[in-house]
Amino acid sequence: MTHVKICGITSFEDGLCAASAGADFLGFIFFKKSPRYIAPEAAGEITSRLTENPTEAKTRPASGAEAGQTPRFIGVFVNESLEVVEKTIRRANLDFAQLHGEETPAMLEALSGRGFKALRPTSAAEAEIEAEWYAGLGPSSGPQLLVDAFDPKEYGGTGKRADWKAAAGLGRIYPRLVLAGGLNPNNVVAAVKAVRPWAVDVSSGVEFEPGRKDPDKVREFIFSAKGRGRLARELNAE
């Protein structure tokens, strides 16, 4: 079953909604230029509350392989120093760091299995080359690589769709691939069928506005990605 990451969490209420609906991962953005930026201390308060209130924060029993578990927490970083990333991991109680800028393989090595790379390739060939550099340095029990849409000015959250064909090619080689970029409740079923990713990642596609999630969209996205939503049922019935 496909894992789901709800990214751009800025409040406890949004984190709790995503967790109770069955999200496997919650993402917190520590890039100050992002409209979804959250300070490490504020993220730490959210993760602590979710961890300390397991009855509220656990996923629903029918949500999948990780049912009944509190989601794991991922911090999104863009060209930060290793010192800042490691300090934020501690302050915000994170499980993994997602490196979304121009970070080198050496930085992933230094994170010792706590980090993985987000790729924003301009072509399938570029995606293959970058995947070879970074895939083997990801966590052994978490995301291996993330594929997002390319944008010359933004590092994510643009609503642009990633190259599904290139992502599908990588997914056949790297089993824990995360697909991001332009996903929403209406296209996630098609994305899962086309790419067969280990996980899907959404931020802007389930929002009222940047940093404020729409509970109905969050639930429909998670249910659809895991094969239990309305669109998934309709497609499976065809």
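Strands β7 (residues 177–179) and β8 (residues 199–202) run parallel and are joined by two bridges. Val178 has Ala199 of β8 as its bridge partner. The model is predicted; local features need pLDDT of at least 70, side-chain atom pairs count only at pLDDT 80 or more, and totals for chains, interfaces and linings use all residues. Residues are numbered from 1 along each chain as its sequence is written, and side-chain values use heavy atoms, with hydrogens and water left out. Helices (H or I, at least four residues) and strands (E, at least two) are DSSP runs, numbered from the N terminus.

The β7 and β8 strands belong to a closed barrel of eight strands, in the order β1-β2-β3-β4-β5-β6-β7-β8. Pairing in the barrel is parallel; two strands pair if DSSP finds at least two bridges between them. From one strand to the next, the twist averages 25°. Angles run from 0 to 180 degrees between N-to-C directions, and axes are lines fitted to C-alpha atoms, for helices over the stretch in contact.

Helix α2 (residues 40–52) lies across β2 (25–29) and β3 (72–77). Its direction is at about 165° to β2. Helix α6 (residues 124–134) packs on the sheet and touches β5 (115–119) and β6 (145–147). The directions of α6 and β5 make about 175°. Contact here means heavy atoms within 4.5 Å.

Helix α1 (residues 12–21) packs with helix α9 (residues 215–225). Their axes come within 9 Å and cross at roughly 30°. That makes α1 roughly parallel to α9 (angles under 35 degrees count as roughly parallel, over 145 as roughly antiparallel, 65 to 115 as roughly perpendicular and the rest as oblique). The crossing is right-handed, meaning that the near helix is turned clockwise from the far one by less than a right angle. Cys17, Ala18 and Ala21 of α1 meet Pro215, Val218, Arg219, Ile222 and Phe223 of α9. This contact holds seven nonpolar residues, no polar and one charged. Ala, Val, Leu, Ile, Met, Phe, Trp, Tyr, Cys and Pro count as nonpolar, Asp, Glu, Lys and Arg as charged, and the others, Gly among them, as polar.

Helix α1 also meets α2. The two axes come within 9 Å and cross at roughly 40°. The helices α1 and α2 are therefore oblique to each other. Their crossing is right-handed. Phe12, Gly15 and Leu16 in α1 touch Ile46, Arg49 and Leu50 in α2. Four residues of this contact are nonpolar, one is polar and one is charged.

Helices α7 (residues 164–171) and α8 (residues 188–195) form another pair. Their axes are 8 Å apart, at an angle of about 50°. Helix α7 is therefore oblique to α8. Trp164, Ala167 and Ala168 of α7 meet Ala190, Ala191, Ala194 and Val195 of α8. The contact comprises seven nonpolar residues, no polar and no charged.

Nine salt bridges are found in the whole structure. A salt bridge is a side-chain nitrogen of Lys or Arg within 4 Å of a carboxyl oxygen of Asp or Glu. One of them joins Arg114 to Glu86 at 3.3 Å, N to O. The pair links distant parts of the chain, 28 residues apart. Arg114 lies in the loop between α5 (105–111) and β5, and Glu86 in helix α4 (residues 82–91).
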